[in-house]
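Here's a quick briefing to read alongside the model. Have the sequence and the 3D view open, and follow the topics in order.

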Amino acid sequence: MTTTRQRHTGRRLGDGAFVVMLVLPGLALLLAIVLYPLIAALVTAFFEQSLVLPGRTFAGTANIASVLEGDFLQLLNQTLWFTVGATVLPFAVGLGLALALNTGIRGQRVLRGVLLVPWLVPGVVVSFLWLWIFNSNYGVLNGVLQSLGLIDSPQAWLSQETSAMVALIIAKTWTSFPWVMVMLLAGLQTVPPELHEAAKVDGAGTIRRFFSVTVPHLRGIISVVLLLEFIWNFQHFDIIWVMTGGGPAGTTRTFAVAVYETAFHGLDLGKAGAIGLLWMVLLMLLVTVYVRFADPERAR
Amino acid sequence: MTVTSPTQDPTTPARPRTPPARRRARRQGAGGRLAAWIAVVVFGSFALLPVYWLLATSFTPTQSTFQYPPKLIPTDLTLENFRRLVDNPQLLTYLVNSVVVSLITAVLSVIVAAYMAYAFAKHRFRGRKSLMSFVLASQLFPQSLLLVTLYGLFDLYGLLNSYAALVLSFTTFTLPLCVWMLKGFFDTIDDGIIEAAQIDHASRWRIVHSIVLPISAPGLVAAGLFAFVRGWNDFIFALTLAGPERQTLPPGLVNTFVGEAAAEWAPLMAASLITSIPVVVAFIALQRFLVGGIAAGAVKG
Amino acid sequence: MQRSYDRRALLRMLGLGTGAVALSACAPSGGGGSTPSGDPEAKDFTFASWSLADDASKIGPQHLVDAYQKANGGTITGLPIAFPDYLNQLLLQIRGGQFTGVAQLDIAWLSAVSALGKLRDLGPLAQGVDYTDTALSTGQLDGKQYGLPWTTAAIGMIVNQDILAKVGADALPETVSDFEALLVEIAATGVLPYAASTKVAQLKDMLIWMQTFGCSLIDGDKITIGDDASVDALTWYKSLYDRKLIAADVERTDARTLFSQGRTAMYDDALVGKDVVAKQSPDKELINKIAPHPRPVVAAGDTPQAQQWGHILVVVEGEGAASAAKFAKWATSDPTAAAGYFKDVSLPPTTDTGLAAPEVAGDQFTTQFNERVTATATPNPFWRFPQYAQMENAVSEHVQAALIGKSSPADAMRDAKKAVEGLV
């Protein structure tokens with residue numbers, strides 16, 4: 001970010017009304033579609049309110065207490081597992097592919113296009129496709145593993161706690177690695193080749209050049225990709241809901257699933273609001289910590 | 001894209017130059033190329049085998065889809081599943097709705113995000129940082145929680161069961177990403193260009209519309225493509241906020257093929273395949289913008 | 001841009017958020033209070049139905065809609081919503097005043113939908129119609145007739161007679177211990193003996209086994225899950241699971257598929273299942289091999305347990321409600337309509353006249369099902385709570401925890417009891 005020159009322009013253009021008009025449409029949308037509904041929903045955390053019964057009564061912190069006394073820690077634990085898994089794995093796959101495509105191997109343009117397909121298959125279809133692949137009775141995964149002799153009998157992947165979580169992470173990885181790949185590929189294309197040349201002259205090998213030239217150059221984009229992925233996965237709903245519904249025995253239930261279930265099956269808007277409230281406080285804390293430690297400019 | 005930038009400043013965004021990559025490629029050793037191919041094959045299979053299975057299932061007669069062990073290479077191919085789509089005009093409606101909603105979302109997001117990003121990039125004003133934090137923080141909010149209130153809100157304004165409810169929601173949810181991408185892009189625009197235009201007495205809006213936006217076209221397209229995907233993929237909001245006539249593909253497909261009785265895998269896969277083709281083709285055609293648009297602006301983060 | 005994640009700025013945001021929360025605490029929020037509007041006498045109305053969404057069953061309600069429109073004028077707008085999302089979407093729409101008209105309901109959902117306070121009492125309409133008592137009771141709540149019964153049956157054991165014959169049996173044994181021995185014999189032939197539900201979505205079938213073992217689920221206001229009978233039932237169920245006499249990862253649709261492929265000897269289903277598995281099956285003869293059987297009991301002579309199952313039509317007050325109510329009555333009681341519906345989707349009528357019609361009375365599977373299963377069926381005691389779905393879910397989840405070895409049957413049942421008590 002340049003400073004002097006921009007500040008100079010800023011003063012010249014710095015007409016309050018102009019800025020307000022630039023910012024207003026977006027701000028209005030955010031206030032109406034996110035902030036207002038959010039606050040209305042969070043307020044219910046302090047009330048006893050049902051989705052179907054009219055009226056509500058003030059309940060103080062009873063909802064929050066009941067969430068905290070319930071399976072809150074388990075939820076948090078599972079949400080974090082999913083979020084971290086579904087952030088790290090697509091990152092690894094996306095990075096691998098971006099690096100490979102960036103070497104300019106033959107057919108990279110076609111490959112790049114084809115690899116976007118998983119990203120463009122609607123999320124629900126992704127869930128059903130993987131549900132179909134992991135199906136214990138007819139699934140192609142069992143078929144392949146069994147014919148290779150890796151398992152003796154079909155496994156119920158989605159009905160065992162660890163494998164169910166892994167299956168969800170794999171399905172989520174499949175739909176989100178393409179955008180990670182695209183972002184990183186974009187970043188890689190801006191690494192000036194001269195830097196690599198210079199490092200080469202200094203005798204740095206491929207791996208050292210990756211860490212000493214490529215990574216620092218991509219630092220900004222990497223931290224943003226990871227942050228956004230983390231946030232999106234934290235609130236991911238579709239795939240978990242369709243594939244496991246939070247099961248088996250609630251071992252893949254995340255906050256997003258719990259909020260939806262509490263509101264729409266339990267019909268308990270108050271408790272759903274309480275989960276949401278705790279979620280926000282937590283995420284704010286996490287992001288603050290992340291920013292404190294991962295921000296390259298502050299870290300310096 | 002026809003506007004030539006007045007300066008040759010190296011920071012001026014332009015389409016990505018591919019030569020650097022290619023130059024480097026030629027210098028890549030055999031080992032590097034081997035590693036690249038291994039990565040492509042391993043990760044590529046992970047990416048494409050499920051697509052193959054989607055394809056194979058969609059050409060399999062419904063009754064044979066439940067054979068175990070499954071035939072990896074289907075032998076009794078059929079078009080039966082595709083024929084059923086022809087009998088179901090509703091699916092076309094879903095497809096049209098999806099395309100309309102996603103396109104408007106893409107355009108609207110780009111417009112709204114571009115103005116906001118421009119303010120963030122080129123102006124210093126009070127509350128700028130707080131506002132930028134708020135825009136990003138709005139991603140943190142639990143979206144599944146917004147559903148109940150949003151439903152009531154759109155109902156209040158008579159927007160339920162309309163494109164507007166979906167477009168407004170998706171635009172808002174995609175705004176942070178678009179603003180961030182475009183701000184990165186605008187940051188790289190040399191202030192000299194803007195100053196020069198001011199000396200020519202161009203109005204502020206004219207500067208935005210006829211100078212800044214045109215040279216940012218690759219970034220705008222890239223942001224638009226991301227916004228498009230957000231609208232294209234959503235399930236739960238599309239299901240809740242749109243009635244049967246405005247339903248998009250994801251809830252539409254579920255409504256059609258996942259009933260009380262049984263999930264019809266083969267027709268579902270066939271329908272997903274057919275309806276994804278237009279978008280996949282469009283994205284493959286536009287993909288250079290996707291990478292190029294981000295590349296030009298995003299690195300600054 | 002990283003600078004924009006500035007910690008202080010974020011904290012400021014947090015502060016702003018807190019302030020706003022305080023502000024809007026005073027603001028009213030949509031609490032579902034809008035009063036019904038519109039002309040109830042209007043001829044046009046909406047018909048919400050998951051059967052209309054489902055390719056396999058849409059022909060049934062569609063024929064009814066067409067016939068009614070032709071005879072009475074007015075336009076019936078279909079609102080098809082897929083079964084898995086149906087209840088949530090309907091609740092939201094009724095709550096927001098978006099939906100008025102007639103809606104198809106599973107009998108389990110009546111208390112949740114009626115809690116919104118917008119259902120019309122159809123008692124006067126039901127007068128003089130020869131609905132069976134059992135059928136009528138599925139639409140009653142708190143002494144009001146909110147629903148007219150569309151079809152009434154039960155969840156029972158559906159058996160593939162061919163597979164049974166292979167081990168020399170032609171019916172399910174009367175007692176659970178003989179039943180278990182039969183399952184072991186069937187397992188030896190290489191098919192899955194019993195495709196019982198093991199996924200949360202349908203693990204509520206397990207409640208019927210708990211009742212079989214003598215647990216009443218609820219006694220007055222007291223939750224009796226967690227008593228010895230329920231623990232015995234779960235221990236038994238888990239032993240079937242561990243011996244692979246029942247399989248993991250199975251819910252209703254999976255069970256139907258396994259059954260239609262001839263890969264399981266039996267499963268739990270409602271009457272509606274026969275058509276589904278027959279249509280799905282590559283074996284055109286399967287339809288002649290299916291038979292319903294009473295569920296085994298613990299001690300010979302006990303009453304076999306079965307859970308009621310059925311669809312009702314309810315009317316939501318507002319625009320077109322009166323016409324919708326007329327349609328509901330016609331669809332559920334007109335002999336021609338009922339016979340046509342039975343022909344389309346094999347769901348039997350709910351009136352004595354309808355049941356006596358030769359097509360219905362002459363259908364062997366339907367009559368067998370009524371005699372062997374529906375005859376002793378009882379409603380699920382959780383249904384009277386609006387949040388019954390979450391209760392069943394809580395029990396199911398703890399049952400599953402025991403099945404996958406996360407907790408012991410006794411602990412699981414104790415936790416289930418606690419969870420359900422928290423929801424009452």
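This is a predicted model: local features need pLDDT of at least 70, side-chain atom pairs count only at pLDDT 80 or more; totals for chains, interfaces and linings use all residues.

- Where the two meet, domain 1 of chain C puts in 20 residues and domain 2 of chain C puts in 24 residues.
- On the domain 1 side of chain C, at least two residues each come from helix H4 (110-114), helix H17 (364-372) and strand S13 (377-378).
- H17(C) gives the largest share of that side, with 5 residues.
- By class, the side of domain 1 of chain C that touches domain 2 of chain C comes out as 12 nonpolar, 7 polar and 1 charged.

**Chain A against chain B**

- This contact draws on 90 residues from chain A and 92 residues from chain B.
- Helix H2 (residues 16-43) of chain A has the largest share of chain A's side, namely 14 residues.
- If you sort the side of chain A that touches chain B by class, you get 61 nonpolar, 24 polar and 5 charged residues.

**Chain A: the annotated span**

- An unreviewed UniProt entry annotates residues 76-290 of chain A as "domain: ABC transmembrane type-1".
- In the model, residues 76-290 of chain A are 75% helix and 0% strand, and the end C-alpha atoms of the span lie 17 Å apart.

**Chain A: H9 and H11**

- Helix H9 (residues 161-188) and helix H11 (residues 206-234) of chain A have axes that come within 10 Å and cross at roughly 160 degrees.
- The crossing of H9(A) and H11(A) is right-handed.
- From H9(A), the contact is made by Lys172(A), Ser176(A), Val180(A), Met183(A), Leu184(A) and Gly187(A).
- From H11(A), the partners are Leu218(A), Ile221(A), Val225(A), Glu229(A) and Asn233(A).
- The class count for the contact of H9(A) with H11(A) is 6 nonpolar, 3 polar and 2 charged residues.

How values were computed. Residues are numbered from 1 along each chain as its sequence is written. Chains are lettered from A and ligands numbered from 1 in the order in which they are written. Two residues are in contact if their C-beta atoms, placed from the backbone, lie within 7 Å. Helices (H or I, at least four residues) and strands (E, at least two) are DSSP runs, numbered from the N terminus. Ala, Val, Leu, Ile, Met, Phe, Trp, Tyr, Cys and Pro count as nonpolar, Asp, Glu, Lys and Arg as charged, and the others, Gly among them, as polar. UniProt positions are given in the numbering used here, feature names are shortened, and annotations may be inferred rather than shown by experiment. Axes are lines fitted to C-alpha atoms, for helices over the stretch in contact, and angles run from 0 to 180 degrees between N-to-C directions. A crossing is left-handed if the near helix is turned anticlockwise from the far one by less than a right angle, and right-handed if clockwise.
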